[in-house]
Amino acid sequence: MKYVKIIGTGSSVPEAILSNSDLEKMVDTSDEWITSRTGIKERRIADENTAASDVAYGAAEKALKAAGVSPQELDVIIVGTITPDFIFPSTGCVLQSRLGAKKAYAFDLMAGCSGFLYTLHVAEGIIKSGGAEKILAIGVDVLSKVTDFEDRSTCILFGDGAGAAVLTASEEPGILSSILNSDGNHWDLLYVPAGGSRTPIDEEVLKSREQYIKMEGNDVFKVAVKSMESATADAIAKANVSPEDIDLFVPHQANHRILEAVRKRLNFPEEKVFANLDKYGNTSGASIPLALDEAVRQGKVKEGNLVLFAAFGAGFTWGASVVKL
Ligand code: COA
């Protein structure tokens, strides 16, 4: 075994749609502002009974079906999320139970919007070490649960969803490169102040709304563009391919202006960039696998194609990866 290959993808989003015109009724904003600044038109929102593992389950079932793999064949389940069902146990374990994946061990991994790229890299390492044959890698987030719907600078950006990929040991090329980075010096530019061990939720927290996402959007924007650009260049070089060889760029769906800036710097034609953020907003850890699955289902990529992923998120964390499907 030389490589680790994606053999099936799946995705799932909650049914309820929150449109820009719905948001106009909730905060001082407009469809025009949101569309021109972000490219987002609507996003999906989970109801009060739906948690990360519920959305992940839908994506997992589809990915397993597409791969022709049963839950009982899985060796490992890794869930990249920043909105787990509980502080503990892991969403991976809750999902394992629901899938009946008895043989697997399961855990969560937290790397913000780069969660799925970290998940892919860790899964590749486990398979290459001989520790597993088949791994279910999931990116899921239900950011609506930690979004302040009174804060117009953040509530227009985020949405809920899940994407999944089944990975297996292979003699054929699959993951060709992974570049991962983090810079913890900026942890407080994008974070949820309360609800963890530093500041447990109490009445003071609820009054100050510290249980919700706080973000310095402008600072995040600038670093995101630079970081995604350098990581993509590094991932392309490490994979020993040239930018022209890439069939589809599937970036983290944060903001169309970030995507456009990175696309221009990489000199990619528009038709080589996959975007679905108009429908889903920024779904954090779910964004890349959700976009990949839609690209597969729409026939935008097929077996043998080269796909480039790039992500940036809280931490800061960022990375890029070149994968042969
Ligand atoms: N509707 C209307 N006006 C809004 C608004 C909204 N939803 N949100 C902010 N504004 C206002 C601001 O108050 C500000 O007004 P002022 O000039 O009177 O102070 C003005 O719009 C410009 O705000 P600014 O924050 O500079 O806008 P921006 O062009 O940077 O766009 C983001 C804001 C959030 C869209 C942008 O910074 C961004 O996308 N950042 C990256 C976010 C991200 O992707 N985070 C996750 C990383 S994974």
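Which atom of the ligand does a polar side-chain atom of asparagine 218 lie 2.8 Å from? I looked it up: an oxygen atom.

**Basis.** I am working from a predicted model, where local features need pLDDT of at least 70 and side-chain atom pairs count only at pLDDT 80 or more, while totals for chains, interfaces and linings use all residues. Residues are numbered from 1 along each chain as its sequence is written, and side-chain values use heavy atoms, with hydrogens and water left out.

I took polar contacts as pairs of N or O atoms within 3.5 Å. Arginine 37 places a side-chain N or O atom 2.7 Å from an oxygen atom of the ligand. For tryptophan 33, I found a polar side-chain atom 3.4 Å from a ligand nitrogen. The protein buries 73% of the 950 Å² that the ligand exposes when taken alone (Shrake-Rupley method, 1.4 Å probe).

**Ligand shell.** I counted 23 residues around the ligand, using a heavy atom within 4 Å as the test. Thr29, Arg37, Arg152, Asn218 and Asn255 are the closest. Helix 8 gives the most, four residues. I noted that domain 1 (3-172) and domain 2 (177-324) each supply at least three; the bounds come from an automatic or database domain assignment.

**Another site.** I then checked the lining of the second largest pocket. Strand 1 gives the most to this lining, with four residues. Strand 1 (3-12) and helix 11 (287-297) each supply at least two residues; helices here are DSSP runs (H or I) of at least four residues, strands (E) of at least two. Here too, domain 1 (3-172) and domain 2 (177-324) each give at least three residues.

Definitions and conventions. Polar contact = N/O pair within 3.5 Å; in protein donor to acceptor, adjacent residues only side chain to side chain.
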